[in-house]
Amino acid sequence: MNRRSLLIVSGLTGAAPLLGRAAFAQGGAQGAQITGAGATFPNPVYQKWAEAGKAATGITVNYQSVGSGAGINQIKNRTVDFGASDAPLTVAQLTEGNLLQFPSVMGSLVPIVNIPGIENEQLKLTGELLADIYLGKITKWNDPRIAELNNGLTLPNLAIAPAYRADGSGTTFVWVSYLSAVSPEWKEKVGVGTSVRFPTGTGARGNEGVAGTVKNIRGAIGYVENAYAITNKLVTTQLRNKAGHFVKPTQEAFIAAAANADWTAPGMAASLIDQHGAASWPIVSPTFILLPKNPTDAERSRNVMKFFDWAFRNGDKLAQELEYIPLPRAVQDTIRAAWRAEVRANGQPVWNG
Amino acid sequence: MSQAATLSIASPPRAARRSNLGDMIFAGACYAAGALVLLLLGGIIVELFLGGLPAFRAFGLPFLWSTEWDPVTEVFGAGVSIYGTIVTAVLAILFAVPVAFGVAFFLTELAPPWMRRPVGTAVELLAAVPSIIYGMWGFFLIAPLMAQHVQPALIDSLGELPGIGVLFQGPPFGTGILTAALILAIMILPFIAATMRDVFEQVPPVFKESAYGLGCTTWEVMKGVVLPYTRISVAGGIMLGLGRALGETMAVTFVIGNANRISTTLFGPGNTIASVVALEFGESETDSLKLSALLALGFILFVLSFIVLAASRYLLRSRLKA
C-alpha cells in the first residue's frame, strides 16, 4: 500500500505543475501577461485587483510578493515588468535604474497591545511614548507618563515587552519613520530602514509572528498593518496626532491623513507620516510601483499601466474592503501624466490613454 | 523463473564485451555525476566567499566577533549570530544526547523484540517532519507554555541561585535561546538516536554475553562493555546532530526572538547565522554591503558545518567501513 500510494502521490505532484502551466498558457493565449515582484504589504490588494481586473482588461497579472528589496533588484535587472516597494527610492536610485516611481495605494499601521483589562482602542499613547518604549526607556505599563494620559484606566505593574518585525520589511520602515519623525533620540540612535537595530524587545517573523508574540506575552506591544489588526481582531490603541488630538485607527482618520499630504515630492514619494489635520491618523504610508522609463517591450509596459489605470478607476472599493486607502483622484491624474511624459520606447510615449 | 535467473547471471560477461561503447558512456556518466557533486560543493564555497569578500574587506577579521549589526549605518558583524548558532546547537546537544541515549538503550537492550521496530521507526519519522512544522508548533504551543509555566518556575527557583542564577533571569518571553535549543533538540534527536542504536547493535553479542555471564546487570553491561566499545562512533553520531543543529533555519527563526544582542540569560532573544540570513535576505539589494555581509555569514556557517561534519565522518569511519 505504502509504495503504491507514494507512487500515486509523486505522480500527482509531478503532474501538477504541468497542469498549472497548461492552464496558464491558455490564459496567456487569450490575453496579455505582465509580471511584477516586490512588496509584501500591498500583496493582498494587488492580487484582488489582478483577479477582478482580468475580465475587464484581459491582462493576467502575476505578482510575486518577495519583499521590497528583492522587487527592487528584479526591476533593476529587468526580470519583471514592474517592481513594488514600500519604501520610496531616492531620486538618485531612480535615475540610476532609469525607473519611474508612483504610488499605488496607501496603508496604515497600528500599535497592538496585550495588557490585562485593556480593551480595543482604549489605551492612549503618543509617538514620543512609543519611541521611548522601543528605546527601552519606559519599561512598565504603570509608568507615570503613560498613566497621566490614561486617567480612568487601571494600568497594571507589568513589564513592557516590545515586539518588532525581525524580517526586513516595509512595515518596519514605516514604523521607524514615524518614531524618527517624533523622537530626535530615535532618529539619532537607531534611524530609518527596512530593518534596524532595535535597542530592546524581541523580533518575530511577519505580521503573524508579531501578532502571535503580542498575543502570547502579557504586557507586549507590537505594530502591524491595520488590515491585519482588523481581520484578526487585535487590541489596538489611540494615538495622538500632530494637532494634539487623540484619534482612533479608523478609515476616516486614514483618509484625512492622505488628504493633507504633499504629493509633489520628487519621485511622488509623499510622506504621510505624522501629518497635520485634526482627524489625521499619524502612521499612514503609500506603497510604490517602479516602472522602467525605457521599456524593452512597450506592449508589456503599456499593459502594466493599463492594469493600474483600471485599478485606479475601479479598484477603490476593493482596496477599502481590504482596509487599504485608495489614492485621491488628483494624485491618480498626476500619475497618468507622469506615464505619458516619462515612459518612452524608441522615443515614443508608451502611454497615450 | 529460475531459468531466467540463471540466464541473466550467465549473460553479463558476454554482453559487456559486445557493448564497450555503452560501458564507456555509462562510466563517463558516473564520473560526471561524481564530479558534479564536487564541482557544486566547490562552486558554492567559492561563490559564497567571493560574495562575502566586500564585507570581509570592509570589516576585516573583527567581522567574526563584532556584535554590531546596524543596517541603517551599514555596520555589520557576525559575533552575535555566531554566538547564537553555537550556543543553541550546543544546548540542543546537551538536551538531546541523554534522551537519545535512553531511546537507543531502550531499543537495543530493554524493549521486547516486537516493540523495537515500531518505536525505532517512530523515532526515525521525527526526522521526516518538515522544520517549518516544528517552527509553528514551537511558536504557537511551546513558546506560550514556556512563557506561562516553565520560565516563571525556572526564574523563581534556579534564578535565585548565585552563579548560574544569571542564566535564568529576565522576563519570560517564551521565545529565546532556551526555547530554540529545545526545539532543535527535538529535531536532532532522531539522528543521534538512530546512530546510537545502530552502533549499539554492532557490539558482538559474545562480549555482552560474557559480561552477563560474570553477573553484570544490564546497566553495568551498557556502561562497561557497550559504551566503551562504541565510544567513538557515539561521539560521531553526536557530531552529526550538531552539524544539523548548526544549519537549522526555519524552526529556529520562529522561536529564537531574533534580536541582535548577546544576553546573559538563556531566556533572552538572540539569533543564529541561518535565521539572520533567512530574515534579511529579501530586503537586501544587490551589490549592497548588507548582502555581502549575509553571504559572508553563509560562508562562515558553511565552514563551521563542514568542520563539524568532517569530524563526524572521521569519528564514524570505522562504522562506515563496516
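User: How many residues does the contact take from chain A and from chain B?

Analyst: This is a predicted model. In it, the contact takes 30 residues from chain A and 28 residues from chain B. On the chain A side, helix 3 (68–76), strand 7 (202–204) and helix 9 (206–216) each supply at least two residues. Helix 3 of chain A gives the most, with 5 residues.

User: What makes up the side of chain A that touches chain B, by class?

Analyst: That side has 12 nonpolar, 15 polar and 3 charged residues. Gly is counted with the polar class.

User: Why is Leu64(B) called partly exposed?

Analyst: Leu64(B) has 14 C-beta neighbours inside 10 Å. Buried needs 20 or more, and exposed needs 12 or fewer. The value of 14 falls in between, so Leu64(B) counts as partly exposed.

User: Where does Leu64(B) lie, and which residues is Leu64(B) in contact with, leaving aside neighbours within four places in sequence?

Analyst: Leu64(B) sits in the loop between helix 3 (20–59) and strand 1 (69–70) of chain B. Its contacts, with those neighbours left aside, are Ala78(B) and Ile82(B). A contact requires C-beta atoms within 7 Å. For Tyr83(B), 19 residues along the chain from Leu64(B), the C-alpha separation is 10.0 Å.

User: Why is one side of strand 5 and of strand 10 of chain A left without a neighbour in the sheet?

Analyst: The open sheet has 3 strands, in the order 5-9-10 (chain A), with mixed pairing. Strand 5 (124–125) and strand 10 (246–247) stand at the edges, each with a single partner strand, so one side of each has no neighbour in the sheet.

User: How do you know that strand 9 of chain A pairs with strand 10 of chain A?

Analyst: Pairing takes at least two bridges. Strand 9 (residues 238–240) and strand 10 of chain A are joined by 2 bridges, so they pair. The two run antiparallel. Leu239(A) stands opposite Val247(A) in strand 10 of chain A.

User: Which residues touch the most other members of the largest nonpolar core?

Analyst: Leu290(A), Leu184(B), Ile188(B), Ile192(B) and Leu297(B) do, in a core of 180 residues. Helix 7 (residues 177–201) of chain B brings the largest share, 18 residues. Domain 1 (3–59) and domain 2 (61–321) of chain B each give at least three residues to this core.

User: What does Ile188(B) touch, not counting residues up to four places away in sequence?

Analyst: Ile188(B) touches Ala92(B), Ala96(B), Gly241(B), Arg244(B) and Ala245(B).

Methods. Residues are numbered from 1 along each chain as its sequence is written. Chains are lettered from A and ligands numbered from 1 in the order in which they are written. This is a predicted model: local features need pLDDT of at least 70, side-chain atom pairs count only at pLDDT 80 or more; totals for chains, interfaces and linings use all residues. A nonpolar core is a set of buried Ala, Val, Leu, Ile, Met, Phe, Trp, Tyr and Cys residues joined through C-beta atoms within 7 Å. Domain bounds come from an automatic or database domain assignment. Two residues are in contact if their C-beta atoms, placed from the backbone, lie within 7 Å.
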